[in-house]
Amino acid sequence: MRIFDAHCDVLNKLLENPELDFLHEEKLLDVTLDRMIESGIGVQNFAIYLSAPYSDQFRHVLESVDLFHERILSNRQIHFVQSKADLKLAREEGWIGALLSLEGVDALQGNLTYVRILFYLGVRSIGITWNHANWAADGVMEPRKGGFTARGMKLIKECNRLGIIVDVSHLSEKGFWELTELSDKPFIASHSNSSAICPRLRNLTDEQIASIIRINGVMGITFVPPFVHLEEPVTMDKILRHIDHVCSLGGSRHIGLGSDFDGIKEWVVGLEHSGKYHHFVNMLQKHYNEEDVEHFVYKNWYNFYENNLPE
């Protein structure tokens with residue numbers, strides 16, 4: 001069964017440590033080519049995330065794009081997905097489709113020219129914030145709990161115009177609700193869980209989840225242990241509670257996966273890296289029918305991107 005993972009941070013690790021080997025590294029990388037092949041990953045979204053030393057410099061975004069081409073796309077098993085046709089071709093040829101996204105717009109410095117440049121370079125989704133405030137909006141951990149700035153509102157309009165998908169993971173709740181009014185297009189939460197099951201600020205309320213369902217968006221269930229369950233150890237079965245809850249809200253066709261591999265320092269037991277997806281799929285198959293499992297792990301995200309990528 002193919003896997004569609006909507007979020008990993010391997011590019012950040014490659015940026016900070018250029019000596020890492022994306023093909024085979026087993027100690028310092030969660031996502032490697034070998035592990036992706038082992039798990040049958042059909043599509044992987046690679047996020048450009050810049051940690052503190054790099055976060056406000058656009059040149060480091062460009063360096064991450066270069067790493068994506070030189071270290072990821074240079075492998076013949078991987079196909080760059082920028083359009084509906086690319087997505088379909090990757091599936092038909094049995095390649096791993098690679099999407100490129102940006103997590104946090106800090107380095108764009110309010111310059112919409114940079115947004116257009118990233119679109120030309122193949123970025124197809126943008127997370128507005130990480131946890132804190134930037135020039136566009138407040139993140140979920142910002143104490144003032146604000147929403148979008150005037151420049152941030154212009155950013156959303158430009159993303160809609162270009163066809164860049166907006167990602168609300170890490171965005172403040174006020175920003176979330178403002179986005180429902182600002183955006184003409186469906187948006188996503190690439191790596192977020194249910195706050196009703198695990199009450200953390202990074203997780204989504206039932207009202208937010210219902211809104212994503214209503215606009216035909218998708219939320220990617222994440223494997224970050226503190227967002228899955230409040231007590232350790234966090235085992236794979238705890239993820240089922242989030243899936244069950246979203247399904248109870250009518251979201252069985254709006255659930256995907258957004259592991260956050262390589263952006264975490266602790267792991268769900270049994271899901272320590274991307275080569276272990278088969279354990280997760282086997283568990284899902286014991287609790288759901290085959291059609292639902294296929295939608296959870298692949299088809300819901302695939303259908304969303306098929307509908308929302310540029311022609």
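In this presentation, buried means under 20% relative accessible area, exposed means over 50%, and partly exposed lies in between, with a 1.4 Å probe and protein chains only. By that criterion T129 is buried, since its relative accessible area is 0%.

Before I continue with T129, a word on the model. It is a predicted model, in which local features need pLDDT of at least 70 and side-chain atom pairs count only at pLDDT 80 or more, while totals for chains, interfaces and linings use all residues. Residues are numbered from 1 along each chain as its sequence is written, and side-chain values use heavy atoms, with hydrogens and water left out.

Let me begin with the overall architecture. The protein chain contains 12 helices and eight strands; helices (H or I, at least four residues) and strands (E, at least two) are DSSP runs, numbered from the N terminus. For 311 residues, a compact globule would have a radius of gyration near 19 Å, and the protein chain agrees with this at 18 Å. That radius is taken over C-alpha atoms, and the globule rule is 2.2 Å times the number of residues to the power 0.38. The C-alpha trace spans about 50 × 40 × 35 Å along its principal axes.

Of the 311 residues in the protein chain, 59% are buried. I use contact for heavy atoms within 4.5 Å. Among contacts between residues at least 6 apart in sequence, 70% join residues at least 24 apart. The protein chain exposes about 12600 Å², of which carbon and sulfur atoms supply 49%; accessible areas come from the Shrake-Rupley method with a 1.4 Å probe, and for residues only the protein chains shown count as cover.

I now return to T129 and its surroundings. T129 is placed in the loop between β5 (123-127) and α6 (150-162). Its side chain reaches the backbone oxygen of H170 at 2.9 Å. This is a polar contact, that is, a pair of N or O atoms within 3.5 Å; within protein, one must be able to donate a hydrogen and the other to accept it, and residues adjacent in sequence count only if both atoms are side-chain atoms. Not counting residues up to four places away in sequence, T129 touches G104, N134, A137, D138, G139, S169, H170 and L171.

S169 is found in the loop between β6 (165-167) and α7 (173-182), and it is buried, with a relative accessible area of 2%. Which residues does S169 contact, leaving aside its neighbours within four places in sequence? They are T129, I188, A189, S190, H191, S192 and R202. With H191 there is a specific approach: the side chain of S169 reaches the backbone nitrogen of H191 at 3.0 Å. As for R202, it is 33 residues from S169 along the chain, and the two C-alpha atoms are separated by 7.3 Å.

The next site is in strand β4, where S101 is found. S101 is buried at 6% relative accessible area. Its side chain makes a polar contact with the side chain of N45, at 3.0 Å. Apart from residues up to four places away in sequence, S101 touches N45, F46, A47, I48, V123 and S125. S101 and C8 are 93 residues apart in sequence, and their C-alpha atoms are 9.8 Å apart in space.

Strand β4 (96-103) also contributes to the cover over helix α4, together with elements including β2 (41-49), β3 (78-80) and α12 (290-308). The residues of α4 (84-93) that are buried are K84, D86, L87 and A90. Just after α4, G94 takes a positive phi of about 75°.

Where does a residue other than glycine take a positive phi? Q109 does, with phi near 55°; it lies in the loop between β4 and α5 (112-120) and is partly exposed, with a relative accessible area of 45%. N216 has a positive phi near 65°. N216 lies in the loop between α8 (206-214) and β7 (219-221), and it is exposed at 52% relative accessible area. Lastly, a cis peptide bond joins E232 and P233, with omega about -5°. P233 is found in the loop between α9 (225-228) and α10 (237-248).
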